[in-house]
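Let's walk through this one together, starting at the ligand and moving out to the helices.

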Amino acid sequence: MALGEKRTLIKSRKRVRDHGEVFTPEWLVRDMCDLVAGACLRVGSRFLEPACGDGNFLAEILRRKLAAARQIAGGRGDSLVFRREAFRALTSLYGVDILPDNVFACRARLLALWGRHLGPRLRNRADAARCHTAARCVLARNIVLGDTLHPAGTETHAPIVFTEWQWAPLRLDARGRPAPDACAVIATDFTLAELLDPPTDTLAFAESARNTRAAQRYWEIGLDFFADALALGVPVAFPPAPDAPTPPPRTVELRGPREIQPLLAL
Ligand SMILES: C[S@@+](CC[C@H](N)C(=O)[O-])C[C@H]1O[C@@H](n2cnc3c(N)ncnc32)[C@H](O)[C@@H]1O
């Protein structure tokens with residue numbers, strides 16, 4: 001949405017009656033985000049909006065995180081550091097809504113905002129397309145359709161599953177800082193139900209997390225690999241039932257260090 005454009009706060013009386021859908025005005029969103037201003041400026045700090053609508057809060061937080069990402073990159077929006085941090089910002093935001101059009105609108109809004117910051121800095125069209133595919137995959141996993149009041153699922157809504165994205169540097173640059181083009185992203189799936197009510201036994205929790213979907217996946221970012229890996233088919237639909245047969249993994253060679261190298265199972 002263009003700056004200064006007015007957003008309608010109500011779409012229909014029916015939606016207000018059925019789903020309590022009244023959007024928060026921009027000034028209030030900003031004021032509320034100011035209350036947690038520090039967290040909004042930490043690129044990796046995770047936010048979950050349990051009734052995200054079309055993303056009023058998530059968009060404001062993403063805007064702040066992207067500004068922080070630019071600072072980390074020394075003000076250089078064209079650097080690999082900025083690209084990594086911009087991806088980290090995107091992976092840190094989660095949302096649920098019970099209405100599909102809101103979920104799609106929220107994903108589209110975050111993608112557009114993210115693309116406006118990153119787009120001009122991408123090398124060429126192919127690069128931009130790969131990054132957008134990756135961003136869409138992240139958003140499809142982080143902004144989901146569901147009933148937050150029943151995170152384990154209902155007859156009409158599947159259990160809510162989120163991907164936790166962990167970022168680990170694979171090597172340091174000459175100055176001892178994480179090299180921006182060699183970073184592993186470890187994706188683990190959790191159901192919201194188990195996050196809200198974790199088993200007291202840590203081992204059981206780890207097991208249940210692993211069983212949520214395929215085990216952890218690794219891939220390298222920078223050098224476009226992150227985008228490529230996601231584009232190659234990390235599933236964006238709801239996960240199969242735990243007892244469903246596991247399809248044979250597709251494999252891709254990684255260019256990273258040996259310990260995570262051999263295969264990338266998607
Ligand atoms: C008051 S609006 C707020 C939207 C947005 N957070 C904002 O501040 O602009 C409430 C939102 O919650 C969604 N919602 C209602 N019941 C829900 C449920 N059980 N689980 C998830 N979302 C729900 C509605 O579709 C609506 O988008």
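Predicted model: local features only at pLDDT ≥ 70, side-chain atom pairs only at ≥ 80, totals over all residues.

Residues are numbered from 1 along each chain as its sequence is written.

Start at the ligand: 20 residues surround it, and the closest are Phe23, Thr24, Ala51, Gly53 and Asn56. (A residue is near a molecule if its C-beta atom, placed from the backbone, lies within 6 Å of it.) Helix H4 (56–72) and strand S2 (93–97) are the elements that give two or more residues to this shell. Helices (H or I, at least four residues) and strands (E, at least two) are DSSP runs, numbered from the N terminus.

Now follow H4 to its neighbours. Helix H2 (residues 26–35) packs on H4 at an angle of about 55°, with the axes 10 Å apart; axes are lines fitted to C-alpha atoms, for helices over the stretch in contact, and angles run from 0 to 180 degrees between N-to-C directions. From H2, Val29, Arg30 and Cys33 make the contact, and from H4 it's Asn56, Phe57, Glu60, Ile61 and Arg64 (in contact means C-beta atoms, placed from the backbone, within 7 Å).

H4 also packs with helix H6 (residues 100–118), at an angle of about 20° and with axes 10 Å apart. The two are therefore roughly parallel to each other, the word for angles under 35 degrees. Here Leu58, Ala59, Leu62, Arg63 and Leu66 of H4 meet Cys106, Arg109, Leu110, Leu113, Trp114 and His117 of H6.

How values were computed: Contact = placed C-beta atoms within 7 Å. Parallel < 35°, antiparallel > 145°, perpendicular 65-115°, else oblique.
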